Amino acid sequence: MKFISTRGRAPSLSFADTVLTGLASDGGLYVPETLPQFSREDIAAMAGLDYRELAFRIIQPFVGDDLTDSELRDILERSYQHFRHSAVAPLVQTDASEWILELFHGPTLAFKDFALQFLGQLFDHLLKKRGERVVVMGATSGDTGSAAIEGCRHCDNIDIFILHPHNRVSEVQRRQMTTVLSDNVFNIALEGNFDDCQNMLKASFADQSFLGGRRLAAVNSINWARIMAQIVYYFYAAVNLGAPHRAVNFSVPTGNFGDIFAGYLARQMGLPIDQLVIATNANDILHRCISDNDHSPQPLVHSLSPSMDIMVSSNFERLLFDLYGRDGNAVAELLADRSAPMHLDDRALAKAREVFSSCRVDDLRTVEVIREVYESSGYLLDPHTAIGVEAARRVRRSTGEPMVCLSTAHPAKFPEAVARALPTQEIPLPSHMQDLFQREERMKVLPNDLGEVQRFMAEALG
Ligand SMILES: *Cc1c(COP(=O)(O)O)cnc(C)c1O
């Protein structure tokens, strides 16, 4: 299968090159030239499959000849071996025709493990085959860093450097990164904010000479392999709830639009989904876009659901590409000035609204929902998931079809919000993490200075 850029001016690439390249040279994002199609019969035959076998069937058509079947099966086996629930992505019912899809049984307790465990294994395999090594460099405000580190810690052909803003991530989040003591893992605590970390990253990708010939790779959420891995659990949940014999709908706590875009792709591939709910916190650019055709960046608001604190969602570009008839020039024109307000034309907006609904939920309501759901069903939601549940309840079109709310994090990861909702409730970390606060930490605190950061990296790599 070939992959093409959403801006239409970069060369098309194979699967392996797409994964290793990340951003296209014209500034666009890679998408498959065509999507594999699954018929009703194909989907019916997915009933009862193990998660890894289902993942194989969904992912294999994208991979083409770049991996043999046994290589792909092996990568998938290793990707999901550290998940602590045998169903990998179990469903829990919280109301009549409302389910929670628990995506937090991976090593870092957030759904990002689904993509990053897979991406680490996939990178390592492709690099070994080519006899190459890369340096993964990333910036994090919390969840992505730990998931990337867990995904790469066992990889022979990857060194990973993650920058986080010093003293500005939660203690659980910091310790999930800094207590990984593998030789190929380096944590940099930068004396600055998240934007400073990102600027460091941009400058380093733009001029990689400080690495003395080694190459940087990115694992951010625009990487195609991350989106692809996330398509699988939409099929898994829907098939377990009766697809293809009935339609199933999803509500997704949304930040960069990667997770919900995977749901959109599942629908384009034949899965019967009638409604996808974009659930946002106060950073509501996508909600304003769908409801009022107002896609204008607003200043960032720090919320109780920090993993959704995003001004502009990078993966939205992939949807725009479809809405504009896969015309790369139209997308390039629309996005020429990212800081300017964007308005969709009537046809594109109508097309988006056929599938997507949206809803914005503020901190106050998030806390109330955590309390209400706990009192009515005994189920404890993390703040991101609570936003998805509230959004689903407010805008769902059908009560007859199941609504699946994606649970993107374990409540113990965000104790502040849960404590506001239920001050007396204990929220212990899962057993494999109970000693997190006793574990040894390793990180390098560095000033907000590009030269110092790059010197540290070059020395660490030897
Ligand atoms: C990353 C993240 C999200 C947002 O996912 P996107 O793919 O960026 O839309 C939501 N919840 C949690 C807990 C996350 O870590």
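In which loop is phenylalanine 257 found? In this predicted model, local features need pLDDT of at least 70 and side-chain atom pairs count only at pLDDT 80 or more, whereas totals for chains, interfaces and linings use all residues. Residues are numbered from 1 along each chain as its sequence is written, and side-chain values use heavy atoms, with hydrogens and water left out.

**View A. Phenylalanine 257 and its loop.** Phenylalanine 257 is found in the loop between strand E9 and helix H10 (258-268), helices (H or I, at least four residues) and strands (E, at least two) being DSSP runs numbered from the N terminus. Its phi is near 70 degrees, a positive value in a residue other than glycine, and at 1% relative accessibility phenylalanine 257 counts as buried (under 20% relative accessible area, with exposed over 50% and partly exposed in between; 1.4 Å probe, protein chains only).

**View B. Arginine 326 between helices H12 (316-323) and H13 (328-334).** Arginine 326 also has a positive phi, near 60 degrees, but this residue is partly exposed, with a relative accessible area of 33%.

**View C. Proline 244 in the loop between helix H9 (224-240) and strand E9 (249-253).** The peptide bond that joins alanine 243 to proline 244 is cis, with omega near 5 degrees.

**View D. Polar atoms around the ligand.** A polar side-chain atom of lysine 112 lies 2.5 Å from a ligand oxygen atom, and a polar backbone atom of aspartate 259 is 2.9 Å from an oxygen atom of the ligand. For threonine 408, a polar side-chain atom lies 2.9 Å from a nitrogen atom of the ligand.

Conventions:
A polar contact is a pair of N or O atoms within 3.5 Å; within protein, one must be able to donate a hydrogen and the other to accept it, and residues adjacent in sequence count only if both atoms are side-chain atoms.
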